[in-house]
Amino acid sequence: QDIQAKKFESVADKAVIYIVRAPMDSRESGTISLDDNAQITTFPGTYYRWEVAPGPHRIAGYAGESGLVKLDTQAGKIYFVQHTVRGTRRGGWQFTSLQQIGEQDGRKIAMQSQLL
């Protein structure tokens with residue numbers, strides 16, 4: 001699945017959103033909600049491929065974590081959102097953020113990462 005996801009293929013009747021987390025990010029995990037229907041927990045050096053119906057989508061921090069990105073997606077297009085977590089082992093996560101990033105940066109991070 002990781003090899004297939006790294007082909008970055010679009011889907012004709014859906015939008016594709018990649019949630020990426022840089023390998024050099026904090027060691028702490030971070031949980032986000034996808035349209036308030038699903039949750040994923042990211043770790044440094046991981047990414048998630050989410051195929052969705054075209055239209056508005058909301059990606060937000062979960063259970064007190066900060067960050068929010070709203071995307072109005074189109075069929076056949078690919079989007080990238082970077083999830084960043086800052087914290088320490090002793091103190092846990094202290095700050096999280098979500099930000100839409102460009103395709104080149106998103107692909108680069110995904111290529112260095114493992115599929116969740």
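Me: Leaving aside its neighbours within four places in sequence, with which residues is Thr-73 in contact?
Reply: The model is a predicted one. Thr-73 has its place in strand β6. With its neighbours within four places in sequence left aside, the contacts of Thr-73 are Ala-15, Ile-17, Val-52, Ala-53, Pro-54, Gly-55, His-57 and Tyr-79.

Me: Does Thr-73 count as buried or exposed?
Reply: The term buried applies under 20% relative accessible area. The relative accessibility of Thr-73 is 5%, so Thr-73 counts as buried.

Me: How many bridges join β5 to strand β6?
Reply: Strand β6 covers residues 68–73, and it runs antiparallel to β5. Within this pairing, His-57 stands opposite Leu-71 of β6. The number of bridges joining β5 to β6 is six.

Me: Which residue in β5 is the bridge partner of Leu-34?
Reply: Strand β2, residues 30–34, runs antiparallel to β5, and three bridges join the two. Leu-34 has its bridge partner in β5, and that partner is Ile-59.

Me: How many of the seven residues of strand β5 are buried?
Reply: Strand β5 comprises residues 55–61 and is mostly covered. Ala-60 has its place in this strand, and its relative accessibility of 5% means that Ala-60 counts as buried. For strand β5, the number of buried residues is five of seven.

Me: With which residues is Ala-60 in contact, leaving aside its neighbours within four places in sequence?
Reply: Contact here requires heavy atoms within 4.5 Å. Setting aside neighbours within four places, the contacts of Ala-60 are Ile-32, Ser-33, Gly-67, Leu-68 and Leu-98.

Me: How far apart in space are His-83 and Ile-32, C-alpha to C-alpha?
Reply: His-83 is found in strand β7. With a relative accessible area of 1%, His-83 is buried. His-83 and Ile-32 are 51 residues apart in sequence, and their C-alpha to C-alpha distance is 8.6 Å.

Me: With which residues is Gly-76 in contact, leaving aside its neighbours within four places in sequence?
Reply: Gly-76 lies in the loop between β6 and β7, the latter being residues 78–88. Its relative accessible area is 30%, so Gly-76 is partly exposed. Gly-76 and Val-16 are 60 residues apart in sequence and 7.6 Å apart in space, C-alpha to C-alpha. Outside the four neighbouring places in sequence, the contacts of Gly-76 are Ser-10, Val-11, Ala-12 and Lys-14.

Me: What is the phi of Phe-8?
Reply: Phe-8 lies in the loop between α1, residues 2–5, and β1, residues 15–20. At 7% relative accessibility, Phe-8 counts as buried. Although Phe-8 is not a glycine, its phi is positive, at about 55°.

Me: Does Asp-36 count as buried or exposed?
Reply: Asp-36 lies in the loop between β2 and β3, the latter being residues 38–42. Its phi is near 60°, a positive value in a residue other than glycine. A residue is exposed when its relative accessible area is over 50%. Asp-36 has 57% relative accessibility, so Asp-36 counts as exposed.

Me: In what order do the elements of the protein chain run from the N terminus on?
Reply: The protein chain holds two helices and nine strands. Read from the N terminus on, the order is α-β-β-β-β-β-β-β-β-α-β.

Me: What is the radius of gyration of the protein chain?
Reply: For 116 residues, the globule rule gives 13 Å. The value for this protein chain is close to that, so the chain is as compact as a globular protein of that length. The radius of gyration is 13 Å.

Me: What percentage of the residues of the protein chain count as buried?
Reply: The protein chain exposes about 6500 Å², of which carbon and sulfur atoms supply 46%. Of its 116 residues, the share that count as buried is 45%.

Me: How far apart do the centres of the positive and negative side chains lie?
Reply: The protein chain has 14 positive and 12 negative side chains.

Methods
Residues numbered from 1 in each chain as written. Predicted model: local features only at pLDDT ≥ 70, side-chain atom pairs only at ≥ 80, totals over all residues. Heavy atoms only, no water. Helix = DSSP H or I, 4+ residues; strand = E, 2+ residues; numbered from the N terminus. Rg over C-alpha atoms; globule rule 2.2 N^0.38 Å. Buried < 20%, exposed > 50% of the residue type's maximum accessible area, 1.4 Å probe, protein only. Areas by Shrake-Rupley, 256 points an atom, 1.4 Å probe, with all protein chains shown as cover. Lys, Arg positive; Asp, Glu negative; His and termini not counted. Charge placed at Lys NZ, Arg CZ, Asp CG, Glu CD. Pairing = 2+ DSSP bridges.
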